[in-house]
Amino acid sequence: MIALDYVQSLRQKVGTQPLILPGSVVLIVNHQGELLLENRKDGGWGLPGGLMELGESLEQTAVREVKEETGLDVRNLQLLGIFSGETYHFTFDNGDEIYSVTAVYWTKHFSGTLQVNPNESKEVRFVKSLPPTLKDEYKDYILPYYPSILETIRTSESM
């Protein structure tokens with residue numbers, strides 16, 4: 001909530017003008033090769049993640065957001081890429097504009113009990129295939145990497 005408070009305080013100063021907002025998402029894959037997704041309250045399926053809070057690193061943001069949204073503790077995060085630019089410019093119904101800068105991580109190392117945070121999502125679960133209501137931005141974060149992640153898991157477990 002600190003990140004949202006920060007954004008709201010900026011909005012009081014700049015109105016709906018574009019803001020650059022950094023954040024992180026995590027591809028969490030279990031040993032069956034299933035990907036953890038959440039049916040987000042703001043519509044559609046996506047990855048656990050969110051906005052950076054003041055003083056955090058992108059990796060700390062990823063760890064905190066996964067815990068808040070899924071109840072899981074993640075470790076051994078591997079950075080896959082940073083997504084930014086015109087493609088990640090969004091205008092919301094209220095007129096607010098943002099350019100998101102998103103760090104995408106992945107891990108197969110997690111512990112804890114999977115649980116839904118009702119403030120964030122309607123459902124969280126591991127899936128074998130991507131749902132048709134997966135938001136486009138999350139496709140960008142998943143599709144370039146998921147096949148090689150599955151191959152990494154398959155080869156590491158056969159050793």
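Student: Where do Y138 and Y141 lie, and how many residues apart are they?

Tutor: Both lie in helix α3, three residues apart, which is about one turn of the helix; helices here are DSSP runs of H or I with at least four residues, strands are runs of E with at least two, and both are numbered from the N terminus. This is a predicted model, in which local features need pLDDT of at least 70 and side-chain atom pairs count only at pLDDT 80 or more, while totals for chains, interfaces and linings use all residues. Residues are numbered from 1 along each chain as its sequence is written, and side-chain values use heavy atoms, with hydrogens and water left out.

Student: What makes Y141 count as buried?

Tutor: Buried means under 20% relative accessible area, exposed over 50%, and partly exposed in between, with a 1.4 Å probe and protein chains only. Y141 has 1% relative accessibility, so Y141 counts as buried, and Y138, at 7%, is therefore buried as well.

Student: How many aromatic pairs does a search of the whole structure find?

Tutor: The search finds six, where rings of Phe, Tyr and Trp (its six-membered ring) pair if their centres lie within 6.5 Å, and planes under 30 degrees apart count as stacked, over 60 as edge-to-face and the rest as tilted.

Student: Why is the pair of F83 and Y145 called edge-to-face?

Tutor: The ring centres of F83 and Y145 are 6.4 Å apart and their planes stand at 90°, so the pair is edge-to-face. This pair links distant parts of the chain, with F83 in strand β6 and Y145 in the loop between α3 and α4, 62 residues apart.
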